[in-house]
Amino acid sequence: MELLSGLLSSLGLSGAAGLNAFVPLLLVGVLSRFGVLGLNEPFDLLGNTWVLVGIGVLGLLDFVGDKIPGVDHALHLLGGVVNTAAGAVLFAAQTGVADVPPALSMALGVIVAGGVHATRAAVRPVATATTGGLGNPVVSGVEDGTSVLLSVLAVFAPVVGAVVLAVVAVLGVRFWLRLRPRRLV
């Protein structure tokens with residue numbers, strides 16, 4: 001049962017990283033720092049004070065920049081690497097998935113976070129174009145809030161977190177399919 005719980009937690013954290021890399025990293029690091037969450041080595045470094053400060057500063061810069069049209073698109077390009085790497089680290093860091101080989105854990109984290117981030121990055125230009133950039137802060141706020149919710153649920157209620165991640169994925173795909181141009185064959 002611990003393996004299933006660890007896998008669901010890892011999926012939720014990786015999905016949250018796809019939306020905002022810094023929220024789940026900061027949450028996991030703080031919980032590790034205070035002994036609430038155990039992390040495998042070398043991922044226990046996420047609880048280091050300086051690592052937490054660095055994640056917090058980068059997270060704040062990302063939080064502000066993601067609300068500004070144009071800057072947000074540049075951040076999403078960079079996020080293709082940062083968010084997927086964060087997802088890989090978060091998936092592999094969980095002690096509940098110790099039976100899963102580290103390379104497989106990281107690959108799964110890349111797939112989950114990368115898929116969520118790719119959907120996010122594909123949908124955002126549509127939101128920018130349809131609102132003239134005025135909707136970007138709202139969309140970004142929803143992404144950040146969803147990342148916080150997914151992160152907390154992934155740690156404290158992994159089954160619920162996995163269900164929320166699935167709902168977010170389905171809604172994202174449906175939204176994308178609705179907005180993409182239709183082809184006449």
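Student: In this predicted model, which handedness does the crossing of helix 1 and helix 4 have?
Tutor: The two elements are helix 1, residues 2–19, and helix 4, residues 71–93. Their crossing is right-handed.

Student: How are helix 1 and helix 4 oriented to each other?
Tutor: Their axes come within 8 Å and cross at roughly 165°. Angles over 145 degrees count as roughly antiparallel. Helix 1 and helix 4 are therefore roughly antiparallel.

Student: How many charged residues has the contact of helix 1 with helix 4?
Tutor: Helix 1 brings residues including Leu 7, Ser 10 and Ala 17, and helix 4 brings, among them, Asn 83, Gly 87 and Phe 91. By class, the contact has eight nonpolar and five polar residues. The number of charged residues there is none.

Student: Is Thr 146 buried or exposed?
Tutor: Thr 146 is found in helix 6. Its contacts beyond four places in sequence are Leu 19 and Val 168. Buried means under 20% relative accessible area. Thr 146 has 18%, so the class is buried.

Student: Which residue forms a salt bridge with Lys 67?
Tutor: Lys 67 lies in the loop between helix 3 and helix 4 and its partner in helix 6, so the pair ties together parts 77 residues apart in sequence. Both residues are buried. The closest N and O atoms are 2.7 Å apart, and the partner is Asp 144.

Student: Which residues do salt bridges that share partners join into one network?
Tutor: Arg 124 forms a salt bridge with Asp 66 at 3.1 Å. Arg 124 also pairs with Glu 143, at 2.6 Å. The network joins Asp 66, Asp 72, Arg 120, Arg 124 and Glu 143.

Note on methods
Residues are numbered from 1 along each chain as its sequence is written. This is a predicted model: local features need pLDDT of at least 70, side-chain atom pairs count only at pLDDT 80 or more; totals for chains, interfaces and linings use all residues. Side-chain values use heavy atoms; hydrogens and water are left out. Axes are lines fitted to C-alpha atoms, for helices over the stretch in contact, and angles run from 0 to 180 degrees between N-to-C directions. Helices (H or I, at least four residues) and strands (E, at least two) are DSSP runs, numbered from the N terminus. Angles under 35 degrees count as roughly parallel, over 145 as roughly antiparallel, 65 to 115 as roughly perpendicular and the rest as oblique. A crossing is left-handed if the near helix is turned anticlockwise from the far one by less than a right angle, and right-handed if clockwise. Contact means heavy atoms within 4.5 Å. Ala, Val, Leu, Ile, Met, Phe, Trp, Tyr, Cys and Pro count as nonpolar, Asp, Glu, Lys and Arg as charged, and the others, Gly among them, as polar. Buried means under 20% relative accessible area, exposed over 50%, partly exposed in between (1.4 Å probe, protein chains only). A salt bridge is a side-chain nitrogen of Lys or Arg within 4 Å of a carboxyl oxygen of Asp or Glu.
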